[in-house]
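Here is a short tour of one chain, written to be read with the structure open beside it.

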Amino acid sequence: MSDFSLDLNEDQLTIQKWVHDFAEEVVRPVAEEWDEREEFPWPVVQEAANIGLYGMDFMANALLGDPTGLTMPVAIEELFWGDAGIGLSIMGSGLAAAGISGNGTPEQVMEWVPQCYGTPEKIQLGAFCVSEPDAGSDVSSLRTRAVYDEANDEWVLNGTKAWITNGGIADVHVVVAAVDPELKGRGQASFIVPPGTKGLSQGQKYKKHGIKASHTAEVVLDDVRVPGRCLLGGKDKLDEKLARGREAGRTGAKQPAMATFEATRPAVGAQALGVARAAYEYSLQYAKERVAFGKPIIMNQAIAFKLADMKMEIDAARLLVHRAAWMAASRKQFVAGEGSMSKLKAGEVAVWVTEQAIQILGGYGYTREYPVERWHRDAKIFTIFEGTSEIQRLVIARNISGLRIE
Ligand SMILES: Cc1cc2nc3c(=O)[nH]c(=O)nc-3n(C[C@H](O)[C@H](O)[C@H](O)COP(=O)(O)OP(=O)(O)OC[C@H]3O[C@@H](n4cnc5c(N)ncnc54)[C@H](O)[C@@H]3O)c2cc1C
């Protein structure tokens, strides 16, 4: 007898319901308002912190501490079912925390990850700063420089980061910079910029197509000085890495920023699933109620088959997301780009499903009276950030072929 099961266990079902209730009772009722205001939804994040949904303990214990890996995508799907912009405002600090956990020493993790969240009495935020105006997909070409000032044991950071979630409003900024630009990705390192550090400022705040409640801005680094202990992983490890890079030239080893994105891809897939499911559920209900030509529109195969396909695509995407999350938690190596597959499929399904939902609602779907147009705008981010759909296909293609496909 095999003990294989796709059932969620009791703990997972409890967390799923707990997050769903928060999404339904706290997030959904204010989603439209924060989308219109296009501001960081501090009161909602505060409520999430009050109940323990925003905080390091929830991330570390409930989400990442589950050996099956499934609690994380299950909880994230529910939160984003409530709203993607608010969901990202609650989850955005997790990217900085993942960058610290993935590259830092145990002491650095202990010191800085809690500061990415703060406490319910004083909420803090984290931001993970990799992308630049001329380096989004091509993260090996970062221009932000980190120069070591040996006399003072300080690193001096200069450059501009683009499209940074929580950029400029975060307390802890994790910045990836080039120490030796000639070595491309092998010459980069990640640095903590502690709260209140001089020289770090917010540049332009972007006006976005969707996920408007999430704060996205440039981060300008102008002679930012951070102590030597803020180099993630420590100086010895960096020196070894640089020496290896110089000796061996280009090797296949992953750079820190890439490793962070790879590990967080199933979580992004789960975000997309939440948006897709919201639109599917809404349009299913609408199709049963909306009458045209004397009968509910769902009685037409053209509409009913669309809904059947929407449900099937969402379930297929969820299986890929859960597989990748389970593989990551079980420390199984992604051999065919399984993390990328999960994010790629779920992101594209979210865009497609939300568009179908607008079609099912007809003229109403196209107006701001109904939430489906917002979900469609929100869904589009999932084919762009944390690796565009093209970059995910590149990762999968390189993995399955063993070739450096361009
Ligand atoms: C709302 C939002 C939040 C974000 N949050 C963060 C954050 O917190 N931290 C952070 O560091 N970054 C963040 N980003 C940046 C995001 O990760 C990048 O925008 C993304 O990686 C794409 O980079 P780019 O915009 O430079 O596009 P480009 O790299 O210029 O790509 C443009 C187009 O060319 C395609 N393309 C590029 N190279 C190839 C290739 N080799 N093969 C095929 N096609 C290719 C791309 O797929 C895309 O379609 C965020 C972006 C947005 C919009």
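## Domains and how they touch

Two residues are in contact here if their C-beta atoms, placed from the backbone, lie within 7 Å. With that in hand, 23 residues of domain 1 are in contact with 24 residues of domain 3. Please keep in mind that this is a predicted model.

The domain assignment divides the chain into domain 1 (10–116), domain 2 (126–248) and domain 3 (256–401). Taken over C-alpha atoms, the centres of domain 1 and domain 3 are 20 Å apart. On the side of domain 1 that touches domain 3, at least two residues come from each of α1, α4, α5 (84–91) and α6 (93–103). Which helix gives the largest share of that side? The answer is α4, with eight residues. Sorted by class, this side of domain 1 holds eleven nonpolar, seven polar and five charged residues.

## Helix α1 and helix α4

Helix α4 (residues 71–82) packs against α1 at an angle of about 20°, and their axes are 7 Å apart. Angles under 35 degrees count as roughly parallel, so α1 and α4 are roughly parallel to each other. The crossing of α1 past α4 is right-handed.

## Helix α1 and helix α2

Are helix α1 (residues 10–37) and helix α2 (residues 42–50) roughly parallel or roughly antiparallel to each other? They pack at an angle of about 170°, with their axes 10 Å apart, and are therefore roughly antiparallel. F22, V26, V27 and V30 of α1 meet V44, E47 and A48 of α2. Of the residues in this contact, six are nonpolar, none is polar and one is charged.

## Around the ligand

There are 22 residues around the ligand, and V130, G136, S137, T388 and E390 come nearest. Two or more residues of this shell are given by each of β1 (126–129), β3 (154–165) and α13 (389–401).

Where does the shell draw its residues from? Domain 2 (126–248) and domain 3 (256–401) each provide at least three. By class, the shell around the ligand consists of twelve nonpolar, six polar and four charged residues.

Key: Residues are numbered from 1 along each chain as its sequence is written. This is a predicted model: local features need pLDDT of at least 70, side-chain atom pairs count only at pLDDT 80 or more; totals for chains, interfaces and linings use all residues. Axes are lines fitted to C-alpha atoms, for helices over the stretch in contact, and angles run from 0 to 180 degrees between N-to-C directions. Helices (H or I, at least four residues) and strands (E, at least two) are DSSP runs, numbered from the N terminus. Angles under 35 degrees count as roughly parallel, over 145 as roughly antiparallel, 65 to 115 as roughly perpendicular and the rest as oblique. Ala, Val, Leu, Ile, Met, Phe, Trp, Tyr, Cys and Pro count as nonpolar, Asp, Glu, Lys and Arg as charged, and the others, Gly among them, as polar. A residue is near a molecule or strand if its C-beta atom, placed from the backbone, lies within 6 Å of it. Domain bounds come from an automatic or database domain assignment. A crossing is left-handed if the near helix is turned anticlockwise from the far one by less than a right angle, and right-handed if clockwise.
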